[in-house]
Amino acid sequence: MPLFRYKSIAGSGDVVKGELDASDEAAVVSSLRQQGHIPVKIEAAGKWSFAGSGVLQQEVFASGGISADEISTLTREIATLLGAGLTLERALEILASLGLKPKVKTVVDSVLEQVRGGRSFADALDQQEGAFPKYYRSMIRAGEAGSTLETVLRRLADFMEQSRALSRTVRSALIYPIFLLVTAGASVVILLTYVVPTFQPLFDDAGAKIPLITQIVIGFGELARTYWWLPILSILIGGLAIRLHMARPAGRLWWHGQLLRLPLIGGLWTRIDVARFSRTLATLLANGVPMLSALTLVKEVLGNAALSNAVKQAEPEVKAGRGLSKPLTETGLFPSLALQLLQVGEESGHLEDMLFKLADIYDQESQASIQRMLALLVPVLTLGLGVLIALIISSILLALFSINQLVV
């Protein structure tokens, strides 16, 4: 029999790597599931056949050719069809005939073919080249094992829709400030490089001593025309240096830790990731995934490396039976309200319910924080850039006024 190398998550939450003789990949999956493991990768003859090895960072969803919205819609439709009493195979057949987008149809057809061939739904999803994130596949596997696939699919659809709604809120909120900054910045550049230089010959011919503020503006204009490439080069070099530093785990951890300390931005990022952490963990636990295995999966959903590392530091304590709230408190990165409610959930035995409430609370706080940030950011940008443009124009007018006085 061929030899397969595998990577899985044990019930203790540890990542296990090993080798196994089996007739095919399905036999490896079956053997690992009997041991209580969640398969992550299976390798045969030097080729990865289990996709999904990419670590989720800023996004909640994997990217394998279909978008997060398409995954969410597909999940909701399968859950609806299963709720109507159809089998999984029949539900997939109906979806495949609905005129889906080519990439989505390719995935559905592939899953349908493997389900018809005897694979489980989770195993079929594992073969889709990273189209579905690991936590998604783990929850589907838990739902199949507990005969609650429809419920799991509905919860997954709810979770993804809420996560995507929050992401859209953040992106939409940033459109206007970015547009304002770019437009005003372009106006300043045009004034310094094109408008101001047209007045300089007039000032030179007049022979008058122009005000200091006008000299400074003209000087900046000359620098902008002569060394326009310097700021661009500096930004490119700085961005590349930061990117290379963040490519290293230690560098990424340091940068993300510093960003959490920034006013407004740090608090917003913390709230967004706490909401993501709470909802993902609650959904996994509610569908039968063990706590340690769930924490291993949740770490990959968090966008901030410092918060992800805090969860990693808590794992040994959870394994030792100390619970989750106390070790997270010791990291000093999670909000006190979240930790208190988490502790109440553990003590009352209703951890999943409390985590869902936490997710709702921090989703609402995230949206409120975005609104507050915009309420402060837009006026500050408008006022600051307006003052800068007014200063440039005033310096020119002030110099013209001085020349007129000299003529009179």
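At 33% relative accessibility, Leu174 counts as partly exposed, because the partly exposed class lies between the cut-offs of 20% for buried and 50% for exposed. The place of Leu174 in the chain is helix α7, which spans residues 149–206. Although Leu174 and Ile370 are 196 residues apart along the chain, their C-alpha atoms are separated by 9.0 Å in the model. This model is a predicted one, and the values below should be read with that in mind.

**Overall picture and confidence**

The chain has 408 residues, of which 44% are buried, and its secondary structure comes to 16 helices and four strands. Among contacts between residues at least 6 apart in sequence, 62% join residues that are at least 24 apart. The accessible surface of the chain comes to about 20,700 Å², and carbon and sulfur atoms account for 62% of that surface.

The mean pLDDT of the chain is 80, with 88% of the residues reaching 70 or more. Confidence is highest in helix α15 (residues 336–348), at a mean of 91, and lowest in strand β4 (residues 47–48), at a mean of 42.

Leu358 belongs to helix α16, which covers residues 351–407. With a relative accessible area of 2%, Leu358 counts as buried, because a residue is classed in that way when the value is under 20%. Leaving aside residues up to four places away in sequence, Leu358 touches Ser278, Ala338, Leu341 and Leu342. The C-alpha atoms of Leu358 and Leu337, which are 21 residues apart along the chain, are separated by 8.9 Å.

**Salt bridges**

| Salt bridge | Distance, N to O |
|---|---|
| Glu93 and Arg116 | 2.8 Å |
| Arg137 and Asp126 | 2.7 Å |
| Asp273 and Arg276 | 3.9 Å |

The side chains of Glu93 and Arg116 meet in a salt bridge. This pair links distant parts of the chain, with Glu93 in helix α3 (residues 88–96) and Arg116 in helix α4 (residues 102–116), 23 residues apart. Glu93 is partly exposed, at a relative accessible area of 23%. Both residues also belong to a network of salt bridges that links Glu89, Arg90, Glu93 and Arg116.

The side chains of Arg137 and Asp126 likewise meet in a salt bridge. Here too the pair links distant parts of the chain, since Arg137 lies in helix α6 (residues 134–145) and Asp126 in helix α5 (residues 121–126), eleven residues apart. Arg137 counts as buried, at 3% relative accessibility, and Asp126 is buried as well, with a relative accessible area of 1%.

The side chains of Asp273 and Arg276 meet at 3.9 Å, N to O, which is a salt bridge because the nitrogen lies within 4 Å of the carboxyl oxygen. Because Asp273 and Arg276 are three residues apart in helix α11 (residues 265–286), they are separated by about one helical turn. Asp273 and Arg276 are both buried.

**Aromatic pairs**

The structure holds four aromatic pairs. One of them joins Phe132 and Tyr136, whose rings are tilted, at 5.2 Å centre to centre and 35° between the planes. Phe132 is buried, and Tyr136 is buried too.

**A nonpolar patch on the surface**

On the surface, a nonpolar patch is formed by Leu212, Ile216, Phe220, Leu223, Tyr227, Trp228, Trp229, Leu230, Ile232, Leu233, Leu236 and Ile237, which together have about 1,300 Å² of accessible area. Helices α8 (212–226) and α9 (229–247) each supply at least two residues of this patch, and the largest share, six residues, comes from α9. Leu212 has its place in helix α8. With a relative accessible area of 60%, Leu212 is exposed, because the exposed class begins over 50%.

Technical notes
Residues are numbered from 1 along each chain as its sequence is written. Side-chain values use heavy atoms; hydrogens and water are left out. Patches are made of residues with over 30% relative accessible area and no salt bridge: like charges are joined within 9 Å, nonpolar side chains (Val, Leu, Ile, Met, Phe, Trp, Tyr) within 5 Å. Accessible areas come from the Shrake-Rupley method with a 1.4 Å probe; for residues, only the protein chains shown count as cover. Buried means under 20% relative accessible area, exposed over 50%, partly exposed in between (1.4 Å probe, protein chains only). Contact means heavy atoms within 4.5 Å. Rings of Phe, Tyr and Trp (its six-membered ring) pair if their centres lie within 6.5 Å; planes under 30 degrees apart count as stacked, over 60 as edge-to-face and the rest as tilted. pLDDT is the predictor's confidence in each residue, from 0 to 100.
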